[in-house]
Amino acid sequence: MSSRFLFERIGRQTAISFAVEGCTKIAITDSSSEGLTATKQSIEAVAPHASVLIVLSDVRLESDVESGVASAIEQFGRIDYAVNCASTAPEWPRATSTRPTFDDVMAVNARGVWLCGRAQARQMRTQEPLPTHDGRPGARGAIVNIASSLGISPIPGKTPYAASKAAMIQITKSDALDIPHDGDAVRGMPIPRKCSPQESADVILFIVSSKASFLQGAIISADGGHTI
């Protein structure tokens, strides 16, 4: 299975799952019109009343990314959740590698996620925090970047892919720190407060639920970003 096909499936299933959980305004973007149409149809099959915006876009192009976010804002008014999972991973050993191929992998997997996250975060910073059902502090939005275990522990023949995913992990960590703070005392703390017992319980409940069925031996640092 190619990396592109795998991540396309992850993106499609994520969009479907948002619809199943009650999200009725969904923007999907890809460089494949066929893939977008298939995803839209899959969403509408489980959520007939959902409004699905298709955006044909190439994450390597800044203009495409910016116009894609603008289209979502024009259609829906705000972005509450963003998932960035575009990816490419050609198979080739270092001895036969070419610079253009390496550059393309980095353009999609690293620069692409940076461009998307930057555009999404710019919009989210202008938004009012979302209301919550239990009174805890609301967020202006959430961004999820899909990396890979190869960004932490590579395998042979995947140098560009592993390098790009390692870069993506660090982009995600660095972006999480790049938020307003309340003074030097909390500098470097993305969430400058203590964790509530309920927030700890929520993570525990997720870990033991069927939604965490592919977690195994994972370290989940629910610490407000302290260990980034």
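In the predicted model, the contact between helices H3 and H4 brings together Glu62, Val65, Glu66, Val69 and Ile73 of H3 with Leu115, Cys116, Arg118, Ala119, Gln120, Arg122 and Gln123 of H4. Classed by residue type, this contact of H3 with H4 comprises six nonpolar, four charged and two polar residues. An α-helix has 3.6 residues a turn, so residues three or four places apart point the same way. The two helices, H3 spanning residues 62-76 and H4 spanning residues 99-124, pack at an angle of about 35°, and their axes lie 9 Å apart. The crossing of H3 past H4 is right-handed.

Helix H4 contains 26 residues. From its first C-alpha to its last, H4 reaches 36 Å, close to the 38 Å expected at 1.5 Å a residue. A kink of about 35° is present in H4, with its centre on Ala107.

Confidence was also examined along the chain. The protein chain has a mean pLDDT of 88, with 92% of its residues at 70 or more. Over residues 181-186, however, pLDDT stays under 50, and the model has four contacts beyond four places in sequence for these residues.

Key: Residues are numbered from 1 along each chain as its sequence is written. This is a predicted model: local features need pLDDT of at least 70, side-chain atom pairs count only at pLDDT 80 or more; totals for chains, interfaces and linings use all residues. Side-chain values use heavy atoms; hydrogens and water are left out. pLDDT is the predictor's confidence in each residue, from 0 to 100. Contact means heavy atoms within 4.5 Å. Axes are lines fitted to C-alpha atoms, for helices over the stretch in contact, and angles run from 0 to 180 degrees between N-to-C directions. Helices (H or I, at least four residues) and strands (E, at least two) are DSSP runs, numbered from the N terminus. A crossing is left-handed if the near helix is turned anticlockwise from the far one by less than a right angle, and right-handed if clockwise. Ala, Val, Leu, Ile, Met, Phe, Trp, Tyr, Cys and Pro count as nonpolar, Asp, Glu, Lys and Arg as charged, and the others, Gly among them, as polar. The expected span of a helix is 1.5 Å times one less than its number of residues. The bend at a residue is the angle between axes fitted to the seven residues ending there and the seven starting there.
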